Amino acid sequence: MELVKEKPFGKMQQALGVNPKDARLSLTYFTVSFIALLIGGFLGLFQGLNRAGLMELPTWFDYYQTLTTHGILLVLVFTTTFVIGYFYAGISHTMGGLLPKVRKFGWTAFGLLVIGVVFVATTVAMGNASVMYTFYPPMQATPLFYIGLVFLVVGIWIAAFGVFINVANWRRNHKGQHIPLLSFFATGVFVLLVLGSIGVTIEVLMLIPWSLGWTETINVMLSRTLFWSFGHTLVNIWYLTAISAWYVAVPKIIGGKLFSDAITRLVVILLVILNIPGGFHHQIVDPGITEGWKFIHVFMSLSIGFPSMMTAFAMFAVFERAGRRKGAKGLLDWFKKLPWGDVRFLAPFIAMVAFIPAGAGGIAQTNNQLNQVVHNSLWIVGHFHLTLGVTVALTFFGITYWLIPYLSKRKLTPKINKLGIIQTIIWTIGMTFMSGAMHLVGLLGSPRRTSYTTYGDHATALSWDPYLIFLAVGGTFLIVGVVLMVYIVVNLMFFAPKGNTEFPIGEPEADALSTPKWTERWGTIIILLILIVAMGYVMPLTDILNVPGSPPFRTW
């Protein structure tokens with residue numbers, strides 16, 4: 001009955017745009033997302049200046065509090081709220097509006113996420129949880145920190161179930177039709193979020209009684225393994241969200257067509273099925289996991305490269321076809337025909353290019369010998385900023401330039417478009433300086449997670465200083481980029497001229513082949529995912545269940 005109530009609005013939506021109630025929900029998520037970006041950005045600048053020896057942080061909010069808060073705000077809050085806001089808007093647009101109960105799910109999830117962030121941020125600010133966003137035991141935070149994480153996970157699950165309910169209702173009323181492509185991406189992302197977060201949820205439920213003193217020790221090996229079953233998956237959830245815009249929105253923006261609906265859905269399915277059993281490539285230096293299991297997880301990590309290369313081929317094929325439609329001749333003339341003056345294209349294009357060195361660095365880190373060199377160095381942090389800070393963040397910014405005006409019923413003006421191009425260039429320069437310096441100084445042995453020190457003026461440590469200065473320079477560029485981006489978001493939400501902005505959905509080629517029906521069998525896809533997860537985790541987890549535990553430590 002609910003769907004029948006929504007149908008009249010579905011027709012009106014095609015003509016007038018977004019459902020105002022749905023728009024309010026997504027815009028609220030985006031507001032929190034960019035507040036997190038602003039605060040986390042300044043904390044990142046302070047952290048970078050401190051690491052370069054240019055700034056001494058106060059004792060009441062020291063380097064490790066800064067580092068922990070920066071990681072939580074940008075890695076968890078910025079990304080999670082953006083992903084939920086983006087996909088709820090996408091489902092609303094492609095499925096004729098959110099069901100009323102799904103909208104309630106979205107608001108309930110938002111409330112739980114806010115409560116979780118308040119708990120976590122407060123405990124860190126009070127100096128009781130400087131355990132980094134990875135919260136590795138045996139470092140122990142206050143119980144409220146872990147309880148806050150429970151609220152975050154439950155919020156994510158409720159948002160996911162809202163998506164599943166909306167998709168299930170749509171399928172019941174559109175039998176024989178394929179789920180709209182953007183909603184197909186949303187389904188894959190939230191399937192991964194739910195199944196991928198089970199491990200970290202179990203870990204947190206183990207950490208709460210330990211932090212309360214009800215249990216004396218914690219199994220560190222088990223905790224780390226459960227965390228990385230989620231941490232590895234989370235990175236690819238961001239990636240899957242980013243490529244949804246590459247596949248669906250970018251072709252429309254550049255005046256092209258979808259490469260292939262069937263291949264796009266196959267990429268989603270492969271990324272969902274192959275994703276979770278790869279966590280051990282983050283644990284190559286950890287004892288207690290046999291070489292054979294590490295090899296299997298490394299193989300699974302590298303298998304993600306296959307759909308990634310499919311994506312690279314598909315996107316550049318879309319670019320070439322679009323350019324040739326505009327009259328391009330010769331081998332590379334199509335490149336000139338791309339809309340370089342449109343920030344909605346420029347930002348995600350730079351994100352795509354950045355994923356080439358980011359992916360290569362990730363492959364290097366799955367190699368046992370090379371991982372020994374870089375594992376506990378700033379190289380890892382540089383790699384992380386290249387993937388999240390460029391590939392993911394710039395794609396999210398590119399989405400922002402069309403999605404927020406669409407939701408707020410405003411227009412992206414030429415002035416803001418030009419400012420967006422400036423912001424994109426500044427952001428790219430900043431990340432190039434910072435990530436490049438981190439990669440180089442990491443190869444020289446500079447450790448991650450530590451504040452500035454010369455180790456008693458040791459010659460090796462002093463040799464890091466020139467690179468760390470470039471790290472600080474990059475951070476300075478980036479905070480300018482953060483402030484510009486937040487200004488642009490506020491403008492697009494409240495001050496840009498009123499008008500209707502298109503939600504760009506790419507259309508298939510006229511002669512495109514039909515999409516196979518097996519791509520809609522999500523039950524089969526989830527069963528395959530569970531089987532592969534069981535293959536990768538059941539035996540190794542059994543092996544480390546009885547590892548002796550550790551008492552808690554407070555290292556700050």
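**View 1. Lys-252, Lys-257, Glu-502 and Glu-507 are linked in a network of salt bridges.** Welcome to this predicted model, in which local features need pLDDT of at least 70 and side-chain atom pairs count only at pLDDT 80 or more, while totals for chains, interfaces and linings use all residues. Residues are numbered from 1 along each chain as its sequence is written, and side-chain values use heavy atoms, with hydrogens and water left out. A salt bridge here is a side-chain nitrogen of Lys or Arg within 4 Å of a carboxyl oxygen of Asp or Glu. By this rule the count comes to 11 salt bridges.

**View 2. Lys-252 meets Glu-502 in a salt bridge.** The N to O distance for this pair is 3.8 Å. The two residues come from distant parts of the chain, 250 residues apart: Lys-252 sits in helix H9 (residues 250–253), and Glu-502 in the loop between H19 and helix H20 (522–544). Helices (H or I, at least four residues) and strands (E, at least two) are DSSP runs, numbered from the N terminus. Glu-502 is partly exposed at 45% relative accessibility, and Lys-252 is partly exposed at 28%. Buried means under 20% relative accessible area, exposed over 50%, and partly exposed in between (1.4 Å probe, protein chains only).

**View 3. Lys-252 also forms a salt bridge with Glu-507.** Here the closest N and O atoms are 3.7 Å apart. This pair, too, links distant parts of the chain, with Glu-507 in the loop between H19 and H20 and Lys-252 in helix H9, 255 residues apart. Glu-507 has a relative accessible area of 40%, so it counts as partly exposed.

**View 4. Asp-261 and Arg-265 pair up within helix H10 (residues 261–274).** The closest N and O atoms of their salt bridge are 2.6 Å apart. The two residues are 4 places apart, about one turn of the helix. Are they buried or exposed? Both Asp-261 and Arg-265 are buried.

**View 5. Tyr-86 belongs to the largest nonpolar core.** A nonpolar core is a set of buried Ala, Val, Leu, Ile, Met, Phe, Trp, Tyr and Cys residues joined through side-chain atoms within 4.5 Å. Not counting residues up to four places away in sequence, the contacts of Tyr-86 include Phe-30, Leu-182, Ile-399, Trp-402 and Leu-403. Contact means heavy atoms within 4.5 Å.

**View 6. Leu-419 lies in helix H17.** Leaving out residues up to four places away in sequence, Leu-419 touches Leu-484, Tyr-487 and Ile-488. The C-alpha atoms of Leu-419 and Leu-484 are separated by 7.9 Å, although the two are 65 residues apart along the chain.

**View 7. Ile-425, Ile-429, Phe-433, Phe-470 and Phe-477 form a nonpolar patch on the surface.** Together they have about 400 Å² of accessible area. The elements giving two or more residues are helix H17 (414–443) and helix H19 (465–495), and H17 provides the largest share, 3 residues. Patches are made of residues with over 30% relative accessible area and no salt bridge, with like charges joined within 9 Å and nonpolar side chains (Val, Leu, Ile, Met, Phe, Trp, Tyr) within 5 Å. Accessible areas come from the Shrake-Rupley method with a 1.4 Å probe; for residues, only the protein chains shown count as cover. Ile-429, found in helix H17, is partly exposed, with a relative accessible area of 32%.
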